[in-house]
Amino acid sequence: MDNFYLLMIVALVALAIADLVVGVSNDAVNFLNSAIGSKAISFKTIMIVASLGIGFGAIFSSGMMEVARKGIFNPGEFYFDEIMFIFMAVMITDILLLDFFNTLGMPTSTTVSIVFELLGAAVAMALIKIGADSGNFSDVVNYINTNKATEIIIGILLSVVVAFSVGAIVQWLSRLLLSFNYGKKPKWVGALFGGAALAAITYFILMKGIKGTAFANENLDSLDGQTIKDFLESNWFAISAVSFVFWSILSYVLVQFFKTNIYKLIIGVGTFALALAFAGNDLVNFIGVPIAAWQSYEAWLLSGVDPTEFSMGILASKVPTPTLMLLFAGMIMIATLWFSNKAKGVVKTSIDLSSQSETKERFQPNFLSRGLVRASIAIAKYTGTIVPNTWKSSIDKQFEKPVITLSKDRVHELPAFDLVRAAVNLMVAGILISIATSYKLPLSTTYVTFMVAMGSSLADRAWGAESAVYRVAGVLNVIGGWFMTAIIAFIASGAILSLISFGKGAAIAILLFVAILLLARNYINYNKKSKEIKEEDQLQRAESSSIQGVIEESATNISTVIKRTNKIYTNSINGLATQDLNLLKKNKKQGAKLSDEIDGLRDHIFYFIKNLDEASVGASNFYINALAHLTDISQSLEYIGKVSHKHVYNNHKKLKYNQIKELKEIDHKLDEIFTKTQKAFDSHSFEQIGDILGGKQELFDLVSQKIAKQIARTRTEESSPKNTTLYFSILLETKDLLTATTNLLEQYFQEHDSSIPPAKPIIPEE
């Protein structure tokens, strides 16, 4: 029996290490978002500062381990074997849940996940005990700390609303005071802002970073017998005032005499503070349960009592965590921070949603985001009629983004995610978390930091008419994921506990094996997807300001499109020939992806035209026409991929042998043209295009012959309407594909050889 529980401890330790990795990957967004988004300091410096914060926070985190032992359930109501089953269910659920969110690149709360996993497993175990004793359902309250669970749910709702609102208000006031030209403001203005921000961050370090440590509850003679925690709580105003004066004077000295960028200092200190608080307080989410399990195991061994009869009331007492264990956990967290690609993916989601510059929108708008944007526009119009025009003009002036002139006379907007917004994000997040800590209100640091960033983005006018519906949809998706975290954690943990309770060792072994398989599969799929993205030929935006420059730059894009077109078309024909549904499904996605990338290039037309030289405006016509031809190519491919997949997916009759043979004949001819075209554009040998165009009519005639043959077959031997529809659809769309391709080639050939007269529109012979 001893060996069985010892093996459980070993398994829990392994799960704790894995949980540290997936947990840090998710929570890195809390303290890296502002520094990385603003590019205030180098990435290497950011990582070093964050690593130091994590290291110190981990060492001093012992005092926060109580939540895993007694924060959610009443340990005295459970026996040792039941507690061990609860802890095992929690850890298996936690690692799978967090890894799922990391794979999606969505930030969620490790605090909420661990709390609701503990709650779900404890409720399930309580119900099993009540059922065995023929008790009443209402007896569950004897096992569960219901007040704590209620506080956490309220804390979730409050933290989302309050953090967003306060972040928006403070950012709006900061921008009104500093504007985007904050570098030109008087030095005393920056010093006061620095004093306020650094005072807030300092108080945050004291309240959230130090208050949770083991020595914070020690009585000190220098504090008249008060504990550090009591002293901080009772003297918060005086501490804040002294800190504000000190930091304001120091900020002025640094700015005036040492030419220090005070905003960069704020961001550096703020990043350290959030990393310190994260490790010092959220470490319990990853190793609190295994440590509680180890301490339970030690107490049971010393008791000599049967595991089914040993009450776990001992967990209600305070037990310090070995510093060496905390240090080891901190080292794992730091290593994960440096090497986890998933952490970078989660951070990117937050930065993209708060970016004011143009970015590829990841989320699609929905009816809620559209409704909220329309309501906001209506409110803005109404308030606009109330506020005097002179006020509006003055306010708008503070929000005007400056422009800087780069080489070749190109004009770019200065990124809006500047040092001021990054400093506000860190300052406001620190203040809100400190206040909640002082009032003992439960909240999630992830929720607070994310929603502050979203609120400051809104106030900074980062969500304009071009991006608002996408950004709001993204925020709603993330918030929805947060609530799903709680629901999934509760249900999944309870279900796994039930399996463990009835299946004992066999169930644990199977669940661990399944967990390892799922984690391995997610890891392999994620790496495979990342590798495919890196290796896949991506379309590049044009940056040149002359026609010749655009021709040279876009040649790579044309080659890429032709290469992918050839592959997608061939896969469509091969998929139909072999009835390979998986191939057709992947091919359909590839067609849609190519279409989306070309749409992205079209979305960039505005910025491309803005960058043109006055003498080279004609390049815009060339580029726009080229994109129009690429769009036609992608639409034809997307349609062919869609109808091919639909035909096989609906289990319609396979195309006849002659039909497949004819399609492969066309595909073979297309392959020859596409291969020659790709080589011509790869080598920038545009004179070769003339030879390619010389054979265009032959291919059009071939397609027309196949159409005529199918018409004859339909009138005599064809018996399947679906086959006929599919075959005609592919042939007609192939004609459109050829038309778009040859028009694109002629455009480039004419520009290369200006002596060639404009080409007549291609009218394929029927």
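**Entry 1. Salt bridges**

I searched the whole structure, and nine salt bridges came out. The model is a predicted one, and I keep that in mind for each entry below.

I took the pair of Arg-175 and Asp-460 to begin with. Their side chains meet in a salt bridge, at 2.7 Å from N to O. I then looked up where the two partners sit. Arg-175 is in helix α6, while Asp-460 is in the loop between α17 and α18 (468–535), so this pair ties together parts that are 285 residues apart in sequence. Are these two residues buried or exposed? Arg-175 has a relative accessibility of 0% and counts as buried. Asp-460 also has a relative accessible area of 0%, and is buried.

Next I noted Lys-593 and Glu-597. They form a salt bridge, and their closest N and O atoms are 2.9 Å apart. Both residues belong to helix α20, and because they are four residues apart there, about one helical turn separates them. Lys-593 is partly exposed, with a relative accessible area of 30%. Glu-597 comes to 13% relative accessibility and counts as buried.

I also looked up Lys-706 and Glu-665. This salt bridge has its closest N and O atoms 3.0 Å apart. It links distant parts of the chain, with Lys-706 in helix α25 (residues 696–716) and Glu-665 in helix α23 (residues 657–682), 41 residues apart. Lys-706 is buried, at a relative accessible area of 4%. Glu-665, at 35% relative accessibility, counts as partly exposed.

**Entry 2. Helix α17 and what follows it**

I turned to α17 because Asp-460 lies in the loop between α17 and α18. Helix α17 covers residues 445–459, which makes 15 residues. From its first C-alpha to its last the helix reaches 21 Å, close to the 21 Å expected at 1.5 Å a residue. I checked how covered α17 is: 14 of its 15 residues are buried, so the helix is largely enclosed by the rest of the structure.

I picked out Thr-445, which lies in α17. Its relative accessible area is 8%, and Thr-445 is therefore buried, the limit being under 20%.

After α17 comes Arg-461, and its phi is positive, near 60°.

**Entry 3. Positive phi in loops**

Most residues other than glycine have a negative phi. I therefore wrote down two more cases that go against this.

Ser-179 is not a glycine, yet its phi is positive, near 60°. Its place is in the loop between α6 (146–178) and α7. With 6% relative accessibility, Ser-179 counts as buried.

Lys-259 is not a glycine either, and has a positive phi of about 55°. I located Lys-259 in the loop between α9 and α10 (262–282). Its relative accessibility is 63%, and Lys-259 counts as exposed.

**Entry 4. Surface patches**

Trp-188, Leu-192, Phe-244, Val-245, Ile-249 and Tyr-252 make a nonpolar surface patch of about 580 Å². Helices α7 (187–210) and α9 (236–258) each supply at least two of its residues. Which helix gives the most to this patch? It is α9, with four residues. I checked Val-245, whose place is in α9. Val-245 is partly exposed, at a relative accessible area of 46%.

I then looked at charge. Lys-528, Lys-585, Lys-586 and Lys-589 gather in a surface patch of positive charge. Helix α20 (residues 581–603) gives the most to this patch, with three residues. I looked up Lys-586, which lies in α20, and found a relative accessibility of 57%, so Lys-586 counts as exposed. I note that α20 also holds the pair of Lys-593 and Glu-597 from my opening entry.

Key
Residues are numbered from 1 along each chain as its sequence is written. This is a predicted model: local features need pLDDT of at least 70, side-chain atom pairs count only at pLDDT 80 or more; totals for chains, interfaces and linings use all residues. Side-chain values use heavy atoms; hydrogens and water are left out. Patches are made of residues with over 30% relative accessible area and no salt bridge: like charges are joined within 9 Å, nonpolar side chains (Val, Leu, Ile, Met, Phe, Trp, Tyr) within 5 Å. Accessible areas come from the Shrake-Rupley method with a 1.4 Å probe; for residues, only the protein chains shown count as cover. A salt bridge is a side-chain nitrogen of Lys or Arg within 4 Å of a carboxyl oxygen of Asp or Glu. Lys and Arg count as positive and Asp and Glu as negative; His and the chain ends are not counted. The place of a charge is taken as NZ of Lys, CZ of Arg, CG of Asp or CD of Glu. Buried means under 20% relative accessible area, exposed over 50%, partly exposed in between (1.4 Å probe, protein chains only). The expected span of a helix is 1.5 Å times one less than its number of residues.
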